[in-house]
Amino acid sequence: MAGRNDPYGANRDFRSDFRAEIREFLGTRRARVTPEQAGLPVYGGDRRRVTGLRREEVALIAGISSEYYTRLERGNATGVSESVIDGIAQALQLDEAERAHLLDLLRGAGATRPTRRRPAQQRVRPAVQRIIDSMAGTPGFVLSGRLDILAANHLGRALFSPVYADPARPPNNARFVFLAPQATEFFRDWDKVANDTVAMLRSEVGRDPYDRRLSDLIGELSTRSEEFRRRWAAHNVRIHTTGMKLLHHPVVGDLDLPFETFPLGGDPSQSLLTYTAEPGSSSQEALDLLASWAATNDDIERSASANDSEPSESAETAD
């Protein structure tokens with residue numbers, strides 16, 4: 001699994017990786033649910049040695065034997081039924097993203113061999129590029145599962161000009177969040193953005209654990225950022241489809257921008273991200289000013305286009 005030592009060693013036991021991920025994920029979920037939250041009586045008071053639920057308590061709520069749940073938490077995922085998964089999800093109070101992540105891990109633990117990885121270089125369909133280019137006044141992006149910015153329109157490049165300042169291509173939101181000094185100023189709610197970024201990467205690892213570029217990214221962030229390592233160890237996952245982004249742009253100042261994310265049907269690993277502003281708001285005025293600035297400052301477009309046209313090291317190396 002991404003983030004562990006020697007992720008692509010010839011003698012690597014991929015099933016053991018999934019078993020470890022299942023153990024750590026379920027263990028962290030148990031630790032956050034108290035008996036009171038689960039509706040169970042509390043015995044022992046201060047003598048309890050666990051902060052959350054015991055394994056036998058999870059099994060009781062899920063309607064399975066404690067021996068079976070213990071084997072499952074240790075990664076023995078053979079033949080797990082839908083009803084058992086539903087019971088565990090209810091006992092651990094898993095949300096939609098967490099349940100989906102657990103299913104991904106169980107499927108991986110039960111697989112006979114690693115699934116085929118995606119190609120190293122992802123392409124954005126020309127029709128998708130034309131769609132985001134036609135979105136006048138709306139910053140638009142195409143993101144990969146590892147949070148690469150694969151494409152953007154003119155206003156999108158202007159809005160994320162601090163991210164594009166990194167010469168590495170494609171620009172990567174996660175790398176910017178954790179490694180760029182200006183990220184804490186650009187994202188006014190940096191702590192929330194950091195948590196969400198890690199949770200999205202953790203979800204992507206469950207969906208595609210054999211993507212080498214994803215593994216390399218997580219390894220880089222784990223090595224270079226204590227903030228990333230601490231959040232990664234929490235095993236939180238999230239589906240990130242809508243919300244509010246609080247930005248401080250170096251040219252136009254503060255913007256409060258609602259965002260929406262849409263999966264691209266023809267490319268399941270890609271998503272379309274758009275930002276808007278409330279009509280008549282100060283954020284709309286700032287976005288309009290940014291559009292005017294971008295129209296008269298072609299250096300952003302020329303620089304981004306020149307960098308995008310140069311093959312990156314990761315793009316030249318096929319898996």
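**A friendly note on this predicted model**

1. Serine 222 sits in helix α13 (residues 212-224). Helices here are DSSP runs of H or I with at least four residues, strands are runs of E with at least two, and both are numbered from the N terminus. Serine 222 also touches Phe228 and Arg229, leaving out residues up to four places away in sequence; contact means heavy atoms within 4.5 Å.

2. A word on how to read the values. This is a predicted model, where local features need pLDDT of at least 70 and side-chain atom pairs count only at pLDDT 80 or more, while totals for chains, interfaces and linings use all residues. Residues are numbered from 1 along each chain as its sequence is written, and side-chain values use heavy atoms, with hydrogens and water left out.

3. Is serine 222 buried or exposed? Its relative accessibility is 17%, so serine 222 counts as buried. Buried means under 20% relative accessible area, exposed over 50%, and partly exposed in between (1.4 Å probe, protein chains only).

4. Next, look at the nonpolar cores: sets of buried Ala, Val, Leu, Ile, Met, Phe, Trp, Tyr and Cys residues joined through side-chain atoms within 4.5 Å. The largest has 44 residues, and Phe160 and Leu201 have the most contacts inside it. Helix α12 (residues 190-207) supplies the largest share of this core, seven residues. Apart from this core lies another, of 30 residues, with Ile22, Leu26, Val58 and Ala109 among them.

5. What does leucine 201 touch, leaving aside its neighbours within four places in sequence? Its contacts include Gly145, Arg146, Leu147, Phe228 and Trp232.

6. Just after α3, glycine 63 takes a positive phi of about 80°.

7. How does α3 pack against helix α4 (residues 66-73)? Their axes come within 8 Å and cross at roughly 110°. That makes α3 roughly perpendicular to α4. Arg55, Glu56, Val58 and Ala59 of α3 make the contact with Ser66, Tyr69, Thr70 and Glu73 of α4. Axes are lines fitted to C-alpha atoms, for helices over the stretch in contact, and angles run from 0 to 180 degrees between N-to-C directions.

8. With helix α5 (residues 82-91), α3 packs at an angle of about 120°, the axes being 8 Å apart. α3 and α5 are therefore oblique to each other. Angles under 35 degrees count as roughly parallel, over 145 as roughly antiparallel, 65 to 115 as roughly perpendicular and the rest as oblique. Here Val58, Ile61 and Ala62 in α3 meet Gly87, Ile88 and Ala91 in α5.

9. Finally, find arginine 30 in helix α1 (residues 14-32). Arginine 30 is buried, with a relative accessible area of 11%. A polar contact of 2.9 Å joins its side chain to that of glutamate 73. Not counting residues up to four places away in sequence, arginine 30 touches several residues, including Arg55, Val58 and Tyr69.

Note on methods. A polar contact is a pair of N or O atoms within 3.5 Å; within protein, one must be able to donate a hydrogen and the other to accept it, and residues adjacent in sequence count only if both atoms are side-chain atoms.
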